[in-house]
Amino acid sequence: DHIQAYFEKYFSVQKPLDSQKWLITAGPTYEAIDPVRFIGNHSSGKMGVALAEHAAENGAEVFLISGPGTPKADHKFIQQVYVQSAEEMYQACVVHFDACDVAILAAAVADYTPEIVADQKIKKKAGDFSIDLKPAKDILKHLGSVKTSQKLIGFALETNNEIENAKKKIVSKNLDLVVLNSLQDAGAGFGYDTNKITLIDAQNNITTFELKTKLKVAEDIINAIIKL
Ligand code: CTP
């Protein structure tokens with residue numbers, strides 16, 4: 001199938017992202033507490049999959065690093081790998097980042113992870129219970145600190161001071177573009193099939209978009225990256 005796919009690509013009409021390698025992350029991470037429990041979030045992974053499928057349709061070879069529950073991507077040029085934790089997602093990204101032209105980190109990665117993962121299921125006891133957390137690897141920040149010619153795109157999900165917070169992320173994580181979602185917009189954010197985004201580039205150019213399906217949003221994001 002792969003050989004046939006490559007021949008089809010070789011003989012097909014030129015596409016804007018031919019010969020490009022893209023790295024995309026999608027979905028949540030699960031940080032284990034014990035063998036049966038984890039800390040997670042409500043990310044569906046739909047935005048990352050839509051980005052991967054649209055980039056592949058435009059000719060890119062895509063490595064899609066997916067958190068648990070992310071839907072299966074449907075394209076011959078997408079290599080989808082499933083991971084669980086922020087640490088596993090970090091390891092997978094580091095392997096592919098060097099060779100890629102564009103990296104879009106759309107995953108909702110945990111900021112904190114349990115300091116100790118219990119070997120056995122933790123039993124209920126009387127009284128309160130607490131878990132010590134340590135910072136998880138910040139994948140986007142790490143890639144921003146080692147990037148050479150790659151274009152690096154991050155997401156920012158904000159509830160207040162959206163534009164200011166997103167601009168800060170461009171600087172602190174050395175990004176070329178940030179995709180801002182505001183939880184104040186109806187129909188945007190986790191779980192929906194729609195999204196409403198604002199794009200901010202490293203020169204502080206701001207472009208706002210209407211509420212659209214995640215597939216249409218993926219088109220807008222990819223068109224902006226092609227312009228970059
Ligand atoms: N991200 C990441 N690794 C993490 C946390 C986040 O790669 N451990 C990436 C996400 O994929 C996203 C971007 O960073 O592209 C923004 O994530 P967010 O959690 O909003 O930003 P933080 O810098 O963690 O700041 P805060 O949570 O305080 O807004």
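User: How many aromatic pairs does the structure hold?

Analyst: A pair of aromatic rings is described by the distance of the centres and the angle of the planes. This predicted model, in which local features need pLDDT of at least 70, side-chain atom pairs count only at pLDDT 80 or more, and totals for chains, interfaces and linings use all residues, holds two aromatic pairs. Rings of Phe, Tyr and Trp (its six-membered ring) pair if their centres lie within 6.5 Å; planes under 30 degrees apart count as stacked, over 60 as edge-to-face and the rest as tilted. The ring centres of Phe7 and Phe11 are 6.4 Å apart with the planes at 15°, so this pair is stacked. Tyr30 and Phe38 also form a stacked pair, with 3.7 Å from centre to centre and 10° between the planes. Residues are numbered from 1 along each chain as its sequence is written, and side-chain values use heavy atoms, with hydrogens and water left out.

User: Where do Phe7 and Phe11 lie?

Analyst: Both lie in helix 1, four residues apart, about one turn of the helix. Helices (H or I, at least four residues) and strands (E, at least two) are DSSP runs, numbered from the N terminus.

User: Is Phe11 buried or exposed?

Analyst: Buried means under 20% relative accessible area, exposed over 50%, and partly exposed in between (1.4 Å probe, protein chains only). Phe11 is exposed, because its relative accessible area is 64%, while Phe7 counts as partly exposed at 48%. Tyr30, at 24%, is partly exposed, and Phe38 is partly exposed at 42%.

User: Which residues make up the largest nonpolar core, in terms of most contacts inside it?

Analyst: In soluble globular proteins, nonpolar side chains tend to be buried together. A nonpolar core is a set of buried Ala, Val, Leu, Ile, Met, Phe, Trp, Tyr and Cys residues joined through side-chain atoms within 4.5 Å. The largest one here has 34 residues, and those with the most contacts inside it are Trp22, Leu51, Val62, Ile104 and Ile221. Helix 2 gives the most to this core, with seven residues.

User: Which residues does Ile104 touch?

Analyst: Contact means heavy atoms within 4.5 Å. Leaving aside residues up to four places away in sequence, Ile104 touches Trp22, Leu23, Ile24, Thr25, Leu51, Ile153, Phe155 and Ile225.
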